[in-house]
Amino acid sequence: MAFRKFLPLFDRVLVERFTAETVTKGGIMLPEKSQGKVLHATVVAVGPGSVNPKGDLQKVSVNVGEKVLLPEYGGTKVTLEDKDYFLFRDGDILGKYVD
């Protein structure tokens, strides 16, 4: 996998967004314009964390493989081997899904 060659630094998290729905439940095809921005993603790599003012390492709050909710705007687009990923700070991630 491409993300195995890329390790985020500090409190950065590399995510892969889910694909947008192209067909409704009723079978109607949606044009690209009307497809909403996908805010759900899977974490594919995490950095070691950030250093707090006391000098201690504060780990990232998500782990590889977890599903997270992203903000509508923000993140840095990273293309690795023709696949798009996004880089977010740990504090920018809105939440994670639990089973």
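I take contact to mean heavy atoms within 4.5 Å, and with that in hand I looked up Thr42 first. Leaving aside neighbours within four places in sequence, I find Thr42 in contact with Leu14, Val15, Glu16, Phe18, Gly65, Glu66 and Lys67.

Before going on, I note that this is a predicted model, in which local features need pLDDT of at least 70 and side-chain atom pairs count only at pLDDT 80 or more, while totals for chains, interfaces and linings use all residues. I number residues from 1 along each chain as its sequence is written, and side-chain values use heavy atoms, with hydrogens and water left out.

Entry on Thr42. I place Thr42 in strand E2, where helices (H or I, at least four residues) and strands (E, at least two) are DSSP runs numbered from the N terminus. Thr42 has a relative accessibility of 18% and counts as buried, the classes being buried under 20% relative accessible area, exposed over 50% and partly exposed in between, with a 1.4 Å probe and protein chains only.

Entry on the strands. I count two strands as paired if DSSP finds at least two bridges between them. Strand E2 (residues 40-46) pairs with E1 in the antiparallel sense over five bridges, and within this pairing I find Arg17 opposite Ala41 in E2. E1 also pairs with E7, again in the antiparallel sense, over four bridges. There I see Leu14 opposite Leu87 in E7, and Val15 has Phe86 in E7 as its bridge partner. As a reminder to myself, side chains in a regular strand alternate between the two faces of the sheet.

I then followed E7 to strand E6 (residues 76-80), and these two pair in the antiparallel sense over five bridges, with Tyr85 in E7 as the bridge partner of Val78. The hairpin of E6 and E7 has two residues between the strands, and in this hairpin Glu81 takes a positive phi near 50°.

Entry on the salt bridges. How many salt bridges does the structure hold? I find five, a salt bridge being a side-chain nitrogen of Lys or Arg within 4 Å of a carboxyl oxygen of Asp or Glu. I wrote out three of them below.

Asp11 and Arg89 meet through their side chains in a salt bridge at 3.2 Å, N to O. Asp11 lies in the segment before strand E1 (12-17) and Arg89 in strand E7 (residues 83-89), so this pair ties together parts that are 78 residues apart in sequence. Is Asp11 buried or exposed? At 15% relative accessibility Asp11 counts as buried, whereas Arg89, with a relative accessible area of 40%, is partly exposed.

Lys83 and Glu16 form a salt bridge at 3.0 Å, N to O. This pair links distant parts of the chain, with Lys83 in strand E7 and Glu16 in strand E1, 67 residues apart. Lys83 is partly exposed at 35% relative accessibility, and Glu16 is partly exposed at 23%. I note again that Glu16 is one of the residues in contact with Thr42.

Glu66, which is also in contact with Thr42, forms a salt bridge with Lys96, the closest N and O atoms being 3.5 Å apart. Glu66 lies in the loop between strand E4 (57-58) and strand E5 (67-69) and Lys96 in strand E8 (residues 95-96), so the pair ties together parts that are 30 residues apart in sequence. Lys96 has a relative accessible area of 39% and is partly exposed.
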